[in-house]
Amino acid sequence: SGSGFRGAFALPSCVMALRCVRRLAAAVAATAAASTDGAACDVAEYYAGVDLNLQDRAALHNALRSRISQPHTIIPYTSTATDTWDALKVLDQDPTASDRVLLLYSRVGADSDMSGSSDGWSREHVWPKSFGVGYEGPDFSDLHCLRAADWGVNSARGNLPFGQCNSSMDADCKSPAHPEAAADTAKTSSLFMAPASVRGDIARCLFYMAVRYDGLEADTEDLVLTDCPCASSHALGFLSTLLEWHVADPVDDAERARSARVCGDYQHNRNPFVDHPELVGRLWPGDSDAVCAAGCGTAPDDDDGVEHQAECLGVGDVVVVGFDADEPDAIALATLARLPAGSTIRVTDDSWTGSAWRGFGGTISP
């Protein structure tokens with residue numbers, strides 16, 4: 001769930017290489033001036049100008065969104081300066097070992113220095129990029145919903161919505177979700193069940209994302225929670241499960257400390273659903289679901305109006321012969337079928353924005 005292609009291999013003529021340069025979300029400058037002392041992030045002071053008693057759903061949403069978006073200091077995703085790797089080593093530090101990070105879905109520690117290694121840990125976009133998180137806006141590096149995760153488990157989750165399943169009752173339910181995942185995880189072809197100890201944390205970070213990002217800023221989309229997940233509508237789920245997780249796994253001191261540190265040391269904004277869990281019921285009372293009512297959009301079209309599909313290739317005609325799994329960094333393909341001159345293959349993991357292809361999604365011409 002947090003991957004994008006970039007880089008290339010030098011390979012024989014039968015092998016095509018893809019270089020897709022990732023545009024990092026990252027202005028080092030803050031979106032607004034922010035005090036770095038602890039006072040600006042004190043809970044009482046932070047919400048002093050917000051009417052937390054608003055009963056109107058839209059008014060409360062707008063008030064919270066206005067507060068948590070300004071200020072919001074953008075931390076570079078990857079940089080020679082302090083970036084998200086550095087921040088996660090602090091925010092997700094294993095409480096039993098300062099030189100390790102505690103992995104979100106595995107609940108075990110990993111050496112901090114193994115960041116970015118396929119044998120170590122990666123950065124998990126809890127709200128997947130294919131569900132609306134771009135590469136250029138503040139959402140890409142938002143530390144409230146970016147976590148350290150085991151590389152293999154991160155890949156197993158992919159962009160699956162969060163939900164519940166029971167392996168004893170559902171043949172499609174696999175538990176644990178991955179050999180390196182916690183024992184109480186599970187997954188099916190359509191959902192991922194997180195460890196019980198962090199289910200509420202995950203729910204509240206997704207509630208934050210759905211309020212923080214409504215498409216009003218450049219390079220962001222309107223993120224929505226629903227019981228009918230739909231990538232083209234940037235609608236992630238399953239909302240009813242997340243609401244249950246929010247209640248079953250309430251805010252604890254570790255979650256409060258992480259949110260406070262995101263504010264005090266990095267972004268200078270807080271997660272209101274960690275500070276005021278009672279607000280969740282007012283924003284998501286469970287009485288309507290616009291995405292379910294409207295239905296998910298049809299498959300996206302290519303930028304030339306042609307439906308996104310392979311027209312001259314069949315299963316087995318292209319094989320992956322090289323893959324550098326650094327975010328991932330590069331992919332190399334070999335064609336086993338003769339392609340017409342001028343053919344173009346589009347290779348992408350999540351470059352469809354919902355209305356157009358991102359320009360850096362990557363194409364290969366043999």
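**Entry 1: the sheet**

I looked up Gln 93 and found that this residue stands opposite Val 101 in β3. I note that the model is predicted, that local features need pLDDT of at least 70, and that side-chain atom pairs count only at pLDDT 80 or more, while totals for chains, interfaces and linings use all residues. Residues are numbered from 1 along each chain as its sequence is written, and side-chain values use heavy atoms, with hydrogens and water left out.

I take helices (H or I, at least four residues) and strands (E, at least two) as DSSP runs, numbered from the N terminus. Two strands count as paired if DSSP finds at least two bridges between them.

Strand β2 (residues 93–94) pairs with strand β3 (residues 97–102) in the antiparallel sense, over two bridges. Asp 94 stands opposite Ala 97 in β3.

On I went to strand β4 (residues 109–111), which pairs with β3 in the antiparallel sense over three bridges. Arg 100 has Asp 111 in β4 as its bridge partner.

I wrote down the order of this open sheet of three strands as β2-β3-β4, with antiparallel pairing.

**Entry 2: backbone angles**

I checked the turn between β3 and β4, a hairpin with six residues between the strands. Arg 107 lies in this loop. Its phi is near 60 degrees, a positive value in a residue other than glycine. Most residues other than glycine have a negative phi, and most peptide bonds are trans.

Next I looked for cis peptide bonds. The bond from Gln 70 to Pro 71 is cis, with omega near 0 degrees; Pro 71 is in the loop between α2 (57–69) and α3. The bond from Gly 237 to Phe 238 is also cis, with omega near 0 degrees, and Phe 238 is in the loop between β10 (235–236) and α6.

**Entry 3: two helix contacts**

I use axes that are lines fitted to C-alpha atoms, for helices over the stretch in contact, with angles from 0 to 180 degrees between N-to-C directions. The axes of helix α5 (residues 199–212) and helix α6 (residues 239–248) come within 8 Å and cross at roughly 125 degrees. That makes α5 oblique to α6 (under 35 degrees is roughly parallel, over 145 roughly antiparallel, 65 to 115 roughly perpendicular, the rest oblique). In the contact (heavy atoms within 4.5 Å), α5 supplies residues including Arg 199 and Phe 207, and α6 supplies residues including Leu 239 and Trp 245.

I then took α3 and helix α7 (residues 253–267), which pack at an angle of about 140 degrees with their axes 11 Å apart. That makes α3 oblique to α7. Among the residues that meet are Asp 86 and Leu 88 in α3 and Arg 258 and Tyr 266 in α7.

**Entry 4: aromatic rings**

How many aromatic pairs does a search of the whole structure find? It finds 10. Rings of Phe, Tyr and Trp (its six-membered ring) pair if their centres lie within 6.5 Å; planes under 30 degrees apart are stacked, over 60 edge-to-face, the rest tilted. One of the pairs is Trp 85 with Trp 121, edge-to-face at 5.2 Å centre to centre and 75 degrees between the planes. Trp 85 is in helix α3 (residues 84–91) and Trp 121 in strand β5 (residues 121–125), 36 residues apart.
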